[in-house]
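Hello,

Here is the structure I promised to hand over, with some notes on what turned up in it. Have a look first, then read on.

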Amino acid sequence: MKDTKISDSIVYIGVDDKTIDLFESQYVVPNGVSYNSYVILDEKIAVMDTVDSRATDEWIANLEKALDGKKPNYLVVQHLEPDHSGSIEKFLEKYPETQIVGNAKTFAMLPQFFDICLDGKTVTVKEGDTLSLGSHTLQFIMAPMVHWPEVMVTYEQSEKMLFSADAFGKFGALDAEEDWACEARRYYFNIVGKYGMQVQTLLKKASALDIKAILPLHGVLLKDNLEYYINKYNIWSSYQPEDEGIFIACASIHGNTFKAMQKFKEILEQKGAKKVVLADISREDMAEVIEDAFRYDKIVFAASSYDAGVFPVMEDLLLHLKSKNYQNRTIGIVQNGSWAATAARV
Ligand code: FEO
């Protein structure tokens, strides 16, 4: 059974989703995804975010168990994306006296998702505001575009825990036995990658806090070795390469460009390249390809020419990288075009 007790006062009430086909309708999640949510029990009780509507019933059951007959005073909405806000309506039907805590953007956006009368039910907070629950004090830190405009994170001052919204999240259910960095990197670059500057701003604000644990809205709770995770986030959000290596992203129609790249990989290795990763991007998970493109310091784009342009699979990768602000890598280009070589120009 999952250990739900984070401390004497903080309880995990999130849920795992192992049946979703595609997260955000585009990312395969072979080990599922978790929608994390927490309750802080004090003189006043605060619930930190809800969960996706796919898991409302299980979440409400977890919440009821944690509350043990009590009623929550506050629901803190750190992020309005439906994977976290999808159970707000059901929650308010059950606990109509609860005050909703958000910022001005939260309450401007909320009616676009829910038809809820919020009259007299809102507590609007801004950067640095605090909310006392008794011995616990919540301090709100705005984190716009990490990953939506209304996002904020919350620092609990007495236990020194940072509720970090999507930041430091990963794909994978809580019980998935997998490397944190691999699925956190895939999550970061595909979901938050465009907003490196805003992540840097958040990291600067966080560096002024004494943080003992990071409690994200997806994936494992981070209690030890926090410098490791913060360092990864600093590398990723500043668009620095993480590892030395050559990533060959190959889009081949009939397999001939791919064969050439297999030979090319061999030659590079013979010449002493320590890490060469070759991907057939027609067949590999595009989110994983994007992750690897950011991970290494060198990339080779190898593609067939097609319709006086580039093979569409490569065009799709390029569009993704452009939208994620891809930069700071050494780039090589290989084009194949037996009767009209046009790929490299694109
Ligand atoms: Fe996990 Fe941006 O939602």
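**Helix 5 against helix 7**

The axes of helix 5 (residues 180–192) and helix 7 (residues 226–237) come within 11 Å of each other and cross at roughly 35°. Axes here are lines fitted to C-alpha atoms over the stretch in contact, with angles from 0 to 180 degrees between N-to-C directions; helices are DSSP runs of H or I, at least four residues, numbered from the N terminus. The crossing is right-handed (the near helix is turned clockwise from the far one by less than a right angle).

On the helix 5 side, Trp 180, Ala 181, Ala 184, Arg 185, Tyr 188 and Phe 189 meet Tyr 228, Tyr 229, Lys 232, Tyr 233, Trp 236 and Ser 237 of helix 7, contact meaning heavy atoms within 4.5 Å.

A word on provenance: this is a predicted model, where local features need pLDDT of at least 70 and side-chain atom pairs count only at pLDDT 80 or more, while totals for chains, interfaces and linings use all residues. Residues are numbered from 1 along each chain as its sequence is written, and side-chain values use heavy atoms, without hydrogens and water.

**The two domains**

The domain assignment, automatic or from a database, gives domain 1 (10–237) and domain 2 (243–336). Their centres, over C-alpha atoms, lie 35 Å apart, and the contact takes 9 residues from domain 1 and 10 residues from domain 2. Between the domains there are 2 salt bridges (a side-chain nitrogen of Lys or Arg within 4 Å of a carboxyl oxygen of Asp or Glu). Arg 185 also forms a salt bridge with Glu 291, at 2.8 Å from N to O.

Best wishes

Definitions and conventions:
Helix = DSSP H or I, 4+ residues; strand = E, 2+ residues; numbered from the N terminus.
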